[in-house]
Amino acid sequence: MNPTEEAALQRLYADFDAEHLLPLWTQVGDLMPVHPRPQARPHVWEWKRLYPLARRAGDLVPVGRGGERRAIALANPGLEGRPYATPTLWAAIQYLGPREVAPEHRHTQNAFRFVVEGEGVWTVVDGDPVAMRRGDFLLTPGWHFHGHHNTTDKPMAWIDGLDIPFVHYTDSSFFEFGPEQVTDTGTPSVSRSERLWAHPGLRPLSGLGARPHSPIAAYRWEHTDRALDEQLALEDEGHAATVEPGHAAVRYTNPTTGGDVMPTIRAEFHRLRPGTRTRTRREVGSSVYQVFDGDGVFVLDGVERRLTRGDLAVVPSWSALTVQADSRFDLFRFSDTPIFEALHQFKEETE
């Protein structure tokens with residue numbers, strides 16, 4: 001360009017800026033990359049470091065109205081200090097001390113709890129007390145009142161998963177305080193929702209309509225464990241039952257639709273035999289894994305990280321993941337896949 005044209009172009013860009021405009025031709029590489037380029041980074045949080053920090057918070061930070069929960073969020077190092085594990089998923093370790101009560105509230109965000117150790121806490125969801133025990137996966141769908149109470153003289157910790165970043169980004173969040181004490185202090189071994197809904201292959205005729213989230217408040221470890229064992233036993237007998245050799249997996253589902261437990265969150269459990277190595281996989285959307293038991297290696301975008309019981313790993317969109325089991329390796333996983341499937345933007349690649 002000659003000097004006159006160059007000066008005119010600079011004036012054009014200055015006028016764009018004054019009117020809060022940006023031309024596509026200077027942005028296309030960032031707006032439309034040839035494949036996902038997430039800001040979030042693969043990262044591992046070690047349980048042996050997380051739990052002592054949560055215990056210290058338990059000694060110093062009260063639970064009550066205002067703060068609501070003693071929950072410590074995983075902040076992905078690539079997301080500039082925001083309290084998000086990924087751009088769509090929030091994950092935290094929550095700690096409840098002896099005899100403590102976390103007051104009831106409700107919010108737009110969908111939530112769940114997964115218990116890696118301990119028992120003695122009941123979460124009360126819309127007045128239904130739900131026992132929390134090791135290996136249990138518990139739901140608190142959006143806009144359902146919920147609180148927690150510890151009935152023992154020992155503390156308990158678990159992980160929370162929510163779609164907070166997605167709801168925040170879409171400016172669709174609502175929040176409402178409930179009672180300061182839980183509405184039912186009962187301690188039944190089985191919740192009312194389980195008594196009605198948690199019978200394999202059966203559903204009550206009183207609830208035939210489809211629901212956007214599962215009506216089951218808790219998916220119990222004994223059923224998950226048995227299902228995974230049977231997949232591996234069938235594989236031993238020569239039947240096709242696993243997703244790949246030595247790799248059993250189940251998905252928690254909504255019995256009213258057969259789909260995911262919540263519209264924005266998918267939850268799965270994976271069990272790998274000792275020595276199993278998965279195929280390398282990439283997919284659109286992000287996920288968080290927690291090691292329930294065993295030892296193994298996650299290879300995240302070519303970098304090896306050794307994980308053991310309680311450790312958490314985040315896998316950003318289109319990051320390559322390979323899992324190697326040293327012992328029997330049990331993994332809980334949750335992801336944002338339902339969002340991308342609903343938008344017809346989900347894509348996966350397996351090497």
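In what order do the strands of the open sheet of six strands stand? The order is S2-S3-S10-S5-S8-S12, and the pairing is antiparallel. The structure is a predicted model, in which local features need pLDDT of at least 70 and side-chain atom pairs count only at pLDDT 80 or more, while totals for chains, interfaces and linings use all residues. Residues are numbered from 1 along each chain as its sequence is written, and side-chain values use heavy atoms, with hydrogens and water left out. Helices (H or I, at least four residues) and strands (E, at least two) are DSSP runs, numbered from the N terminus.

**The six-stranded sheet**

- Two strands count as paired if DSSP finds at least two bridges between them.
- Strand S2 (71-73) and strand S12 (218-219) stand at the edges of the sheet. Each has a single partner strand, so one side of each is left without a neighbour in the sheet.
- Strand S3 (residues 90-96) pairs with S10 in the antiparallel sense over seven bridges. Leu96 has Met156 in S10 as its bridge partner.
- Strand S10 (residues 156-162) also pairs with S5, again in the antiparallel sense, over four bridges. In this pairing Phe112 stands opposite Gly161 in S10.
- Strand S8 (residues 137-140) is joined to S5 by four bridges, and the two run antiparallel. Here Arg113 stands opposite Leu138 in S8.
- Strand S5 (residues 111-114) is covered on both faces. Ala111 and Arg113 lie on one side, Phe112 and Phe114 on the other, and all are buried. Buried means under 20% relative accessible area, exposed over 50%, and partly exposed in between (1.4 Å probe, protein chains only).

**Strand S4 and its partners**

- Six of the seven residues of strand S4 (residues 101-107) are buried, which makes the strand mostly covered.
- Strand S9 (residues 146-150) runs antiparallel to S4, and three bridges join them. Ala102 has His148 in S9 as its bridge partner.
- Strand S11 (residues 175-177) also runs antiparallel to S4 and is joined to S4 by three bridges. His105 has Phe177 in S11 as its bridge partner.
- His107 belongs to strand S4. His107 has a relative accessible area of 8%, so this residue is buried.
- His107 and Trp143 are 36 residues apart in sequence, but their C-alpha atoms are 4.9 Å apart in space.

**Helix H1 and the residue after it**

- Helix H1 (residues 3-18) has 16 residues, which should span 22 Å at 1.5 Å a residue. The expected span is 1.5 Å times one less than the number of residues. The end C-alpha atoms of H1 are 23 Å apart, which agrees.
- At the start of H1, a side-chain oxygen of Asn2 comes to within 3.0 Å of the backbone nitrogen of Thr4.
- His20 lies in the loop between H1 and H2 and takes a positive phi of about 60° just after H1. Its relative accessible area of 75% means that His20 is exposed.

**Two other loops**

- Asp126 is in the loop between strand S6 (119-125) and strand S7 (128-133). Asp126 has a positive phi of about 50° although it is not a glycine. With a relative accessible area of 45%, Asp126 is partly exposed.
- Ser317 is in the loop between strand S19 (312-315) and strand S20 (321-325). Its relative accessible area is 17%, so Ser317 is buried.
- A polar atom of the side chain of Ser317 lies 3.1 Å from the backbone nitrogen of Gly285.

**The largest pocket**

- The largest pocket has a volume of about 940 Å³. Of the 29 residues that line this pocket, the closest to its centre are Pro38, Pro87, Thr88, Tyr169 and Phe340.
- A pocket is found on a 1 Å grid over the protein atoms alone, as an open set of points where a 1.4 Å probe fits, with protein on both sides within 12 Å along at least five of seven lines; lining residues have an atom within 4 Å of a point. The volume is the space filled by probe spheres set on the points.
- Helix H2 (28-31), helix H4 (164-169) and helix H7 (337-342) each supply at least two residues of the lining. The largest share, four residues, comes from H4.
- The lining divides into 16 nonpolar, nine polar and four charged residues. Ala, Val, Leu, Ile, Met, Phe, Trp, Tyr, Cys and Pro count as nonpolar, Asp, Glu, Lys and Arg as charged, and the others, Gly among them, as polar.

Conventions: A polar contact is a pair of N or O atoms within 3.5 Å; within protein, one must be able to donate a hydrogen and the other to accept it, and residues adjacent in sequence count only if both atoms are side-chain atoms.
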